[in-house]
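Q: I have a model open and I'd like to learn how to read it. Can you walk me through it?

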Amino acid sequence: MRFSLGFSPCPNDTFIFDALVNKKIDTAGIEFDVFPEDVETLNQWALQGRLDISKISYGVLPLVLDRYRLLDAGGALGKGVGPLLISRTPIALTAIDECTVAIPGRQTTAHLLFSLAYPRAMHKEFMVFSAIEEAVASGAVDCGVIIHENRFTYHQKGLVRLMDLGEYWEETTGAPIPLGGIVFRRDLDPGLANKINVLIRESLEYAFARLPQLPDFVRDHAQEMDETVMRQHIDLYVNDYSLSLGEAGGRAVQTLLQTYARVHGGETALL
């Protein structure tokens, strides 16, 4: 039995999925065709229903719940993990609405959190997350929303933080930040979804049990090759919520769905 599986090449995802896709755990005969892609590419593929199992931004979840079900394991959710708004020089937060802002994809959670903080900002440029630092540093845009390992590297280019959009979310909603989750096609057997969920959790437990060792799979795919940054990335984005959303995580996801409906003026999607 084979499934197509997409996740990002970032250290948090490769850390979670290493044991699963490289058969370090017993997968009970289940095989995977792996697609390591930028999360915004995965978001667009999810809108098309292209993969059986995929990492997505929670920002796109309301648009794909008719086609996919959310799995309990493998996601990124927590406090202090949100995107940052950065610029070359300090800019008054009251001036952001007039700035050109680089966003890591239209359907990303980062865009949703930025829109929550700045609903009237209209000068947005959507680009792959890894290009945003350079776009800000070169002056191509006034400021940018950064995610992933760029949270740890922007200051090395002399860039400054204007706002922690995750902190704004937490203060506004009182909920941890749902960044990305794993979804499974609804037209496949729900029992298989449960099996995949168990395998993802076992894969992560395998990785946790071997810390501080990092798998070669993580190093081979990391854009930022400095091992300290890889470890910071994993420490920030992989936690108990990655093993299981639990009740608190489930409430946070529902809060995000309600926020999406409010920001976009639509109905609240249901899990």
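**Reading the fold, piece by piece**

A: Happy to. Let's start in helix α11, residues 246-264, where T259 is found. One thing to keep in mind throughout is that this is a predicted model.

Q: Is T259 buried or exposed?

A: The idea is to look at relative accessibility, with under 20% counting as buried. T259 comes out at 2%, so it is buried. Beyond the residues up to four places away in sequence, T259 touches L116, W169 and T173.

Q: Which helix does L112 belong to, and what does L112 contact?

A: L112 sits in helix α4. Its relative accessibility is 5%, so L112 counts as buried too. Setting aside neighbours within four places in sequence, L112 is in contact with L256, Y260, V263 and H264.

Q: How many residues of α4 are buried?

A: Nine of the nine, so α4 is largely enclosed by the rest of the structure. They are T109, A110, H111, L112, L113, F114, S115, L116 and A117.

Q: How should I think about a nonpolar core, and what is the largest one here?

A: The general idea first: in soluble globular proteins, nonpolar side chains tend to be buried together. Here, the largest nonpolar core has 48 residues, and the ones with the most contacts inside it are L61, L85, V101, F114, Y118, V145 and V253. Helix α4 (residues 109-117) gives the most to this core, with six residues. There's also a second, separate core of 32 residues, which includes I53, L71, F217 and I234.

Q: Which residues is V145 in contact with?

A: Skip the neighbours within four places in sequence, then list what remains. V145 is in contact with P83, L84, L85, V101, A102, I103, P104, A110, F114, I132 and L165.

Q: Now helix α9. Which of its residues are buried?

A: For a helix, list the buried residues, then look down the axis. In α9 (residues 227-237), the buried ones are V229, M230, H233, I234, L236 and Y237. Down the axis they fall within an arc of 165 degrees, so they line one face of the helix. The face turned away from that buried side carries the exposed residues T228 and D235.

Q: What covers the buried residues of α9?

A: The cover includes α1 (11-21), β5 (76-78), β11 (177-185), α8 (216-221) and α10 (240-243). While you're there, check the start of α9: a side-chain oxygen of D226 comes to within 3.0 Å of the backbone nitrogen of T228.

Q: And strands? In which sense do β1 and β2 pair?

A: Follow the bridges between the two strands. Strand β1 (residues 2-7) and strand β2 (residues 31-36) pair in the parallel sense, over six bridges. One example to click on: R2 has E31 in β2 as its bridge partner. The chain gets from β1 to β2 through α1, and this β-α-β crossover is right-handed.

Q: One last residue. Where is N43, and is N43 buried or exposed?

A: N43 is found in helix α2, residues 39-48. Its relative accessibility is 0%, so N43 counts as buried. Apart from neighbours within four places in sequence, N43 is in contact with I56, S57, V60, Q107 and T108.

Key: Residues numbered from 1 in each chain as written. Predicted model: local features only at pLDDT ≥ 70, side-chain atom pairs only at ≥ 80, totals over all residues. Heavy atoms only, no water. Core = buried A, V, L, I, M, F, W, Y, C linked by side-chain atoms within 4.5 Å. Buried < 20%, exposed > 50% of the residue type's maximum accessible area, 1.4 Å probe, protein only. Helix = DSSP H or I, 4+ residues; strand = E, 2+ residues; numbered from the N terminus. Contact = heavy atoms within 4.5 Å. Arc of directions from axis to C-beta. Polar contact = N/O pair within 3.5 Å; in protein donor to acceptor, adjacent residues only side chain to side chain. Pairing = 2+ DSSP bridges. Right-handed = clockwise from strand over helix to strand, strands pointing away.
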